[in-house]
Amino acid sequence: MKRLDRDKLITAVGAPVLAVLAALVLTSLIILISGKDPFRAYQVMIEFGTTDRSAVYIVNKSTMFFLSALAVAIGFRMNLFNIGVDGQYRIAAFFAAAVGGALSLPGLIQIPLIILVAMGVGAIWAGIAGVLRTTRGVSEVITTIMLNSIAGAVIGYYLTAGRLGEKDGNLTHTPNIPESSHIFMFGTSVGDINGFVVFAVLAGFLYWFVLNRTRFGFDLRSVGRSETAAAASGVDVKRMIVTSMVLSGAVAGLVGMPTLLGESYNYGTDFPLGVGFTGIAIALLGRNHPVGIALGALLWAFLERTGTQLEFEGYDQKIVEVIKGIIVLCVVIAYEVVRRWALRDQQRRVGEELARAGSNDKAEVGA
Amino acid sequence: MRRVTKIAAAGVATAALAFTSAACSSDDSGSSDKGVGLAFDVGGRSDASFNESAARGYDKAKKEFDIGGKELTARDGETEADREQRLTSLAEAGYNPVIGVGFAYGKSVNKVAKDFPDTTFAVIDEASQAENVAGITFAEHEGSYLAGVAAALKSKSGNVGFIGGVHNNLIKKFEAGFVQGVKDTKPDVKVDVKYLYESDLKGFQDPLRAKGIAEGMLDSGSDVIYSAAGLSGTGSIEAVAAQDGAWAIGVDSDQYRDKALADYKDSILTSVVKNVDVAVYDLIKSVQDGEPLTGDHTFTLKDDGVSLAASGGFIDDIQGDIDAAKKKISDGEITVSDTP
């Protein structure tokens with residue numbers, strides 16, 4: 001048993017360390033080729049990324065990334081590839097914003113209502129893919145990608161003046177939600193930390209608890225490992241697929257909430273796009289574990305924050321995109337390399353032990 | 001396993017920090033009057049259109065006044081916080097003026113300007129809402145009017161088309177001017193108006209969709225197509241170039257001279273040029289002269305803020321009519337409406 005833990009430790013620590021080291025070496029090479037000093041770039045990133053104002057930005061930005069990665073991770077644990085988090089969070093935020101802008105209830109009622117609408121819409125949108133997968137056998141990879149475009153079209157249709165939107169200069173957005181529905185903020189001297197971070201932490205805890213401490217979580221993970229084995233042990237696989245897509249979509253619905261409730265107060269043509277795809281990378285990086293995802297989200301926010309500063313110091317800000325891409329690639333490769341190494345190591349040891357046992361047997365027979 | 005993953009994750013973070021902080025060495029950072037801070041919209045300096053025009057004015061001013069400058073570019077999928085950060089970085093480092101290129105910076109410029117009362121800010125295509133902000137807008141409708149005149153005179157079929165990138169107030173100004181220009185010149189010419197997207201900003205970078213719509217217009221008889229759609233316009237120009245006798249009208253920069261469009265330049269009748277460079281240069285000059293521009297400024301046809309390009313010589317034969325229309329607008333004889 002101890003032996004096994006050591007192996008797992010090597011896989012778990014070895015792989016990410018290897019990946020980050022490899023990413024740093026490769027990035028340094030790329031910066032060197034472009035004729036700049038890589039160490040100076042890292043220094044700029046560290047110095048700027050650790051200022052108080054950066055810390056506030058990083059916490060706020062990573063809240064969004066964390067929720068998005070969590071939504072993706074639910075699917076991953078189940079062996080479902082939900083590429084549709086992007087469409088799910090946008091359509092969820094849009095309808096939540098429309099409902100929030102139309103009502104003016106006390107905040108204590110309206111904030112939960114807005115959040116529930118978002119989770120509901122996200123769940124329905126993802127659920128479509130789940131139902132199509134179980135009833136018609138359509139791959140969720142295809143449907144979720146297509147549903148992303150459809151979400152964009154639906155939002156585009158309703159987000160016009162006279163339907164659910166209103167004009168504001170060159171932008172169109174839903175009516176602002178009332179002030180009572182603004183989320184609480186943790187004020188600091190250099191900016192406010194979005195109160196939604198509390199909900200994100202809570203969501204992370206619930207994710208861990210449900211997956212690891214409940215019957216449902218066990219079923220979900222077992223379907224992810226092997227559908228046939230799970231079915232044989234009495235798990236309703238089809239129901240699990242729909243349920244986990246719905247859950248994934250509900251969490252995706254939360255992604256837009258920090259922005260809606262704490263920053264923009266409406267859904268407009270300037271609402272952030274593409275966070276759902278960032279979530280896929282972070283879920284991979286964090287190995288679907290809430291703590292890993294949280295660290296990945298913080299790292300991503302740190303890179304986003306320092307990208308602008310790198311450009312300021314004369315580096316191309318695309319360097320940051322290169323770093324991100326290399327890290328994800330390295331993580332995937334490193335896990336595979338370390339896993340194979342550990343497997344070989346284990347086989348070798350088992351072989352040795354068997355050989356030793358065999359020679360003992362012979363010795364006994366001989367005696 | 002769970003505990004182990006936690007330790008692993010912590011390991012990643014420490015390793016990353018250790019590795020990077022070990023790499024620290026040199027340093028430098030200063031402040032005060034460094035020159036111009038320019039924040040581009042998505043697409044950046046070399047978008048062959050809007051941003052590039054701003055960059056031209058910036059380059060000219062930098063050279064002429066022998067000052068420094070810093071250019072930063074927007075990424076895809078930004079939030080207000082990102083734009084605010086970019087402008088704050090520039091102002092904090094001592095750049096003056098700080099210019100946001102594009103209406104995306106409308107809110108953030110006006111907000112950040114309040115934190116830096118001694119710095120002059122400017123935003124292109126959006127109004128000013130703070131004391132030290134210059135809101136620079138253009139009379140796109142006046143330039144488009146001239147394009148309408150040219151289209152009406154050059155059309156043989158009596159049908160012309162307008163393709164807008166996004167159905168917002170800015171692009172509606174182009175439509176309004178163009179339609180009025182056509183109707184004032186030849187009332188019986190029909191104008192087919194289409195927008196790529198109702199509100200989605202990707203309408204400015206979807207050449208395929210523009211190409212499809214342009215092909216549809218050509219099929220239904222239009223022979224001059226004016227696209228006000230940023231990068232998408234390249235798609236409709238491509239479609240027009242494939243049909244003999246059809247003309248495309250470009251936008252923002254003189255697209256006849258655009259290297260990326262060199263294959264199609266013989267089909268580009270003219271372009272409605274938005275002289276963002278003139279505006280950017282004027283703003284930098286005003287700061288250099290110690291009398292910074294603030295408040296709203298509209299650059300019109302009269303002061304060459306917008307103009308109609310004559311490159312290629314395709315409109316030489318009708319230049320007289322265009323000059324006459326331009327004079328009428330400048331003299332106030334014709335008022336071009338900015339809403340359709």
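This is a predicted model: local features need pLDDT of at least 70, side-chain atom pairs count only at pLDDT 80 or more; totals for chains, interfaces and linings use all residues.
Residues are numbered from 1 along each chain as its sequence is written, and chains are lettered from A and ligands numbered from 1 in the order in which they are written.

**Stop 1: chain B as a whole**

Colour chain B by secondary structure and you will find ten helices and twelve strands. Here helices (H or I, at least four residues) and strands (E, at least two) are DSSP runs, numbered from the N terminus. Among the contacts in chain B with a separation of 6 or more, 70% are between residues 24 or more positions apart. Two residues are in contact if their C-beta atoms, placed from the backbone, lie within 7 Å.

**Stop 2: helix α8 of chain B**

Select residues 233–241 of chain B, which form helix α8. Eight of the nine residues of α8(B) are buried, so the helix is largely enclosed by the rest of the structure. The buried ones are Gly233(B), Thr234(B), Gly235(B), Ser236(B), Ile237(B), Glu238(B), Ala239(B) and Val240(B). What do they pack against? Show β6 (159–166), α7 (207–219), β8 (224–228), β9 (247–252) and β10 (268–274) of chain B to see their partners.

Now zoom in on Ser236(B), which is buried with 30 other C-beta atoms within 10 Å. Beyond its neighbours within four places in sequence, Ser236(B) contacts Ile163(B), Ala210(B), Lys211(B), Ile213(B), Ala214(B), Ile225(B), Ser227(B) and Ala248(B). For a sense of scale, draw a C-alpha to C-alpha distance from Ser236(B) to Asp323(B): the two are 87 residues apart in sequence and 27 Å apart in space.

**Stop 3**

Next, pick Leu301(B), in the loop between β11 (295–299) and β12 (306–308) of chain B. Leaving out residues up to four places away in sequence, Leu301(B) touches Ala139(B), Glu142(B), Gly143(B), Val306(B), Lys326(B), Ile329(B) and Ser330(B). Gly143(B) is 158 residues away along the chain, yet its C-alpha atom and that of Leu301(B) are separated by 6.5 Å.

From there, select helix α5 (residues 140–154) of chain B. Of the 15 residues of α5(B), 13 are buried, so the helix is largely enclosed by the rest of the structure. Its end C-alpha atoms are 21 Å apart, which agrees with the 21 Å that 15 residues should span at 1.5 Å a residue; the expected span is 1.5 Å times one less than the number of residues.

**Stop 4: Tyr281 of chain B**

Move to Tyr281(B), in helix α9 (residues 276–288) of chain B. Tyr281(B) counts as buried, with 21 C-beta neighbours inside 10 Å. Setting aside residues up to four places away in sequence, Tyr281(B) touches Gly57(B), Lys60(B) and Ala61(B). The C-alpha atoms of Tyr281(B) and Gly57(B) are separated by 4.7 Å, although the two residues are 224 apart along the chain.

**Stop 5: over to chain A**

Switch to chain A, which has 14 helices and four strands. Its C-alpha atoms fill a box of roughly 95 × 60 × 35 Å, taken along the principal axes. Buried residues make up 47% of the 367 residues in chain A.

Select helix α4 (residues 85–102) of chain A. 16 of the 18 residues of α4(A) are buried, so this helix too is largely enclosed by the rest of the structure.

**Stop 6: a helix crossing in chain A**

Finish with helices α12 (residues 275–285) and α13 (residues 290–312) of chain A, whose axes come within 8 Å and cross at roughly 130°. That makes α12(A) oblique to α13(A). Show Thr278(A), Ile282(A), Ala283(A) and Leu285(A) of α12(A) with Ile293(A), Gly296(A), Ala297(A) and Trp300(A) of α13(A), and you have the contact. Its residues divide into six nonpolar, two polar and no charged. Axes are lines fitted to C-alpha atoms, for helices over the stretch in contact, with angles running from 0 to 180 degrees between N-to-C directions. Angles under 35 degrees count as roughly parallel, over 145 as roughly antiparallel, 65 to 115 as roughly perpendicular and the rest as oblique. Ala, Val, Leu, Ile, Met, Phe, Trp, Tyr, Cys and Pro count as nonpolar, Asp, Glu, Lys and Arg as charged, and the others, Gly among them, as polar.

Methods. A residue is buried if 20 or more other C-beta atoms lie within 10 Å of its own, exposed if 12 or fewer, and partly exposed in between; C-beta atoms are placed from the backbone.
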